[in-house]
Number of protein chains: 2
Amino acid sequence: MSDADGKVTSKDTREVIMEATFRALSKHGYTDLRMRDIGEEMDLTRQVIHYHFDGKYDLMSSFLEYIIDQYEGGVEVPAGADPRTELDARIDQCLFGPEFGEFTHWDRMKVYHELYTQAQNDGQHRETFNEHYGRIRGSIVDVVEEGIERGAFRDVDAERVGQLITDVIHAARGRRISLGHEDAPREARRAVDEFILDSLYVDD
Amino acid sequence: MSDADGKVTSKDTREVIMEATFRALSKHGYTDLRMRDIGEEMDLTRQVIHYHFDGKYDLMSSFLEYIIDQYEGGVEVPAGADPRTELDARIDQCLFGPEFGEFTHWDRMKVYHELYTQAQNDGQHRETFNEHYGRIRGSIVDVVEEGIERGAFRDVDAERVGQLITDVIHAARGRRISLGHEDAPREARRAVDEFILDSLYVDD
């Protein structure tokens with residue numbers, strides 16, 4: 001948290017605020033969140049938040065980018081993996097999540113899905129989600145295209161199958177969060193295997 | 001709106017309040033909605049709302065049941081349809097919606113998806129959605145089972161395929177609403193055809 005001179009750097013401070021925002025959101029939800037709730041989750045004074053952010057909306061926009069960065073950065077694929085292995089790894093990490101220290105994949109996804117739905121009334125958040133969604137879908141489309149080129153997958157519309165898989169992942173996570181269907185990601189994984197991937201593979 | 005004696009009946013009044021709630025929600029969103037916003041959308045006095053409902057939460061719970069009833073009641077299938085035709089009709093109506101007079105399918109779905117995400121913090125709404133979701137999924141599972149019995153579909157796990165289709169529908173609607181992907185329902189329909197239904201049909 002401190003540099004060599006013992007001063008808290010700006011980067012550290014933002015990190016502290018982001019993690020405090022996380023804790024406050026987990027307790028209060030987005031709708032009821034007040035700036036003071038975030039202040040109560042930090043050791044720093046609340047004025048620091050107002051120094052770095054121009055109100056709740058500005059803070060929430062930064063927070064959305066923060067969790068999206070972590071989400072995308074958390075998806076790791078073994079180097080040199082073949083298309084089947086890479087596709088499996090990407091689907092699993094979007095569905096079941098990498099772990100993130102203090103907070104789990106599901107703590108993050110709760111906030112993520114809440115902000116996603118709010119984006120219907122919010123042009124800036126909608127743009128952030130659209131860019132992020134494009135990258136997640138694009139990473140699946142890329143590996144499907146590579147599989148087709150290598151002859152491992154049959155010649156399908158890669159954009160369409162990438163979108164379908166991304167949609168199933170999103171809906172299963174949403175059901176786990178909103179409806180409490182704990183088994184939704186695991187069941188979705190089985191359905192993707194049985195109805196989408198099996199039809200994609202070219203038999204050896 | 002009035003019975004034979006010119007009095008407004010209780011059923012009419014609730015309907016008036018529900019439609020006023022709809023207009024107010026469309027303007028203000030769920031988070032920012034105040035009881036007075038609903039009052040401003042009605043010709044009746046605002047006191048009528050307080051007579052029928054015990055606060056905003058009680059009103060929202062009734063409203064959720066109201067839009068779910070309309071949604072489920074709006075899905076109509078031609079009598080005596082074969083399983084393929086019935087499955088197509090059910091998927092289309094969930095994706096593209098029946099029309100509902102003053103408000104469109106998408107006006108309703110905006111509110112529906114917002115309340116769905118809020119259900120993560122709300123046991124009563126979660127139960128309402130779970131029952132509804134069970135009925136929607138169940139209606140798809142039933143027709144898949146019937147198709148299997150009649151030899152029109154191959155012998156798949158009907159629960160799994162019903163859930164998968166329901167998830168794809170939900171995600172595509174959510175993308176249209178949250179991310180502005182106007183073509184999402186139509187693209188989802190094509191993906192369901194190509195990757196799920198085609199593999200389901202037993203070739204003639």
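Let's start with salt bridges. There are 28 of them over all chains. Keep in mind that this is a predicted model. Side chains of opposite charge can pair when their charged atoms come close.

Take a pair that links the two chains. B:Asp167 and A:Arg175 form a salt bridge, with N to O at 2.9 Å. Where do the two partners sit? B:Asp167 is in helix α8 of chain B, residues 158-179, and A:Arg175 is in helix α8 of chain A, also residues 158-179, so to speak a helix-to-helix link that crosses between chains. Buried or exposed? Both B:Asp167 and A:Arg175 are buried.

Next pair. B:Arg160 meets A:Glu187 in a salt bridge, and their closest N and O atoms are 3.3 Å apart. This pair crosses between chains too: B:Arg160 belongs to helix α8 of chain B, and A:Glu187 to helix α9 of chain A, residues 184-200. B:Arg160 counts as buried because its relative accessibility is 16%, and the cut-off for buried is under 20%. A:Glu187 is at 25%, so it counts as partly exposed.

One more bridge with a partner on each chain. B:Arg175 pairs with A:Asp167, and the closest N and O atoms are 2.9 Å apart.

Now stand back and look at where the chains meet. How many salt bridges are there between chain A and chain B? The count is six. Polar contacts come to 17 residue pairs between chain A and chain B, with both residues at pLDDT 80 or more. Which elements of chain A give two or more residues to the side that touches chain B? They are α6 (105-118), α7 (123-149), α8 and α9. The largest share comes from α8 of chain A, with 13 residues. By type, this side of chain A divides into 15 nonpolar, 13 polar and twelve charged residues.

And the extent of it? In contact terms, 40 residues of chain A touch 40 residues of chain B. The size of an interface is often given as the accessible area lost when the parts come together. Here, chain A and chain B bury about 3800 Å² between them. Of that area, 54% is on carbon and sulfur atoms.

B:Arg34 pairs with B:Asp37, and their closest N and O atoms are 2.7 Å apart. B:Arg34 has 42% relative accessibility, so it is partly exposed. B:Asp37 has 1%, so it is buried. Chain A also has a network: A:Asp88, A:Asp92, A:Arg189 and A:Asp193 are joined by salt bridges that share partners.

Move to chain B and find B:Arg189. This arginine lies in helix α9 of chain B, residues 184-200. At a relative accessible area of 10%, B:Arg189 is buried. What does B:Arg189 contact, leaving aside neighbours within four places in sequence? The list is B:Asp88, B:Ile91, B:Asp92, B:Leu95, B:Phe96 and B:Leu197.

Stay on chain B for B:Val143. Its place is in helix α7, residues 123-149. B:Val143 is buried because its relative accessibility is 1%. B:Glu86 is 57 residues away in sequence, yet the C-alpha atoms of B:Val143 and B:Glu86 are 7.1 Å apart. Beyond four places in sequence, B:Val143 contacts B:Pro83, B:Glu86, B:Leu87 and B:Phe153.

Over to chain A and a glycine. A:Gly29 lies in helix α1, residues 10-32. With a relative accessible area of 9%, A:Gly29 is buried. A:Gly29 and A:Val111 are 82 residues apart along the chain, and 7.8 Å separates their C-alpha atoms. Not counting residues up to four places away, A:Gly29 touches A:Ala24 and A:Glu114.

Last topic: cysteines. How many disulfides are there over all chains? A search of the whole structure finds zero. Two cysteines to look at are A:Cys94 and B:Cys94. A:Cys94 counts as buried because its relative accessibility is 4%. B:Cys94 is buried as well, with a relative accessible area of 4%.

Terms used:
Residues numbered from 1 in each chain as written. Chains lettered and ligands numbered in written order. Predicted model: local features only at pLDDT ≥ 70, side-chain atom pairs only at ≥ 80, totals over all residues. Heavy atoms only, no water. Disulfide = S-S within 2.5 Å. Buried < 20%, exposed > 50% of the residue type's maximum accessible area, 1.4 Å probe, protein only. Salt bridge = Lys/Arg side-chain N within 4 Å of Asp/Glu carboxyl O. Helix = DSSP H or I, 4+ residues; strand = E, 2+ residues; numbered from the N terminus. Contact = heavy atoms within 4.5 Å. Buried area = accessible area lost by both parts, 1.4 Å probe. Polar contact = N/O pair within 3.5 Å; in protein donor to acceptor, adjacent residues only side chain to side chain. Nonpolar A, V, L, I, M, F, W, Y, C, P; charged D, E, K, R; others polar.
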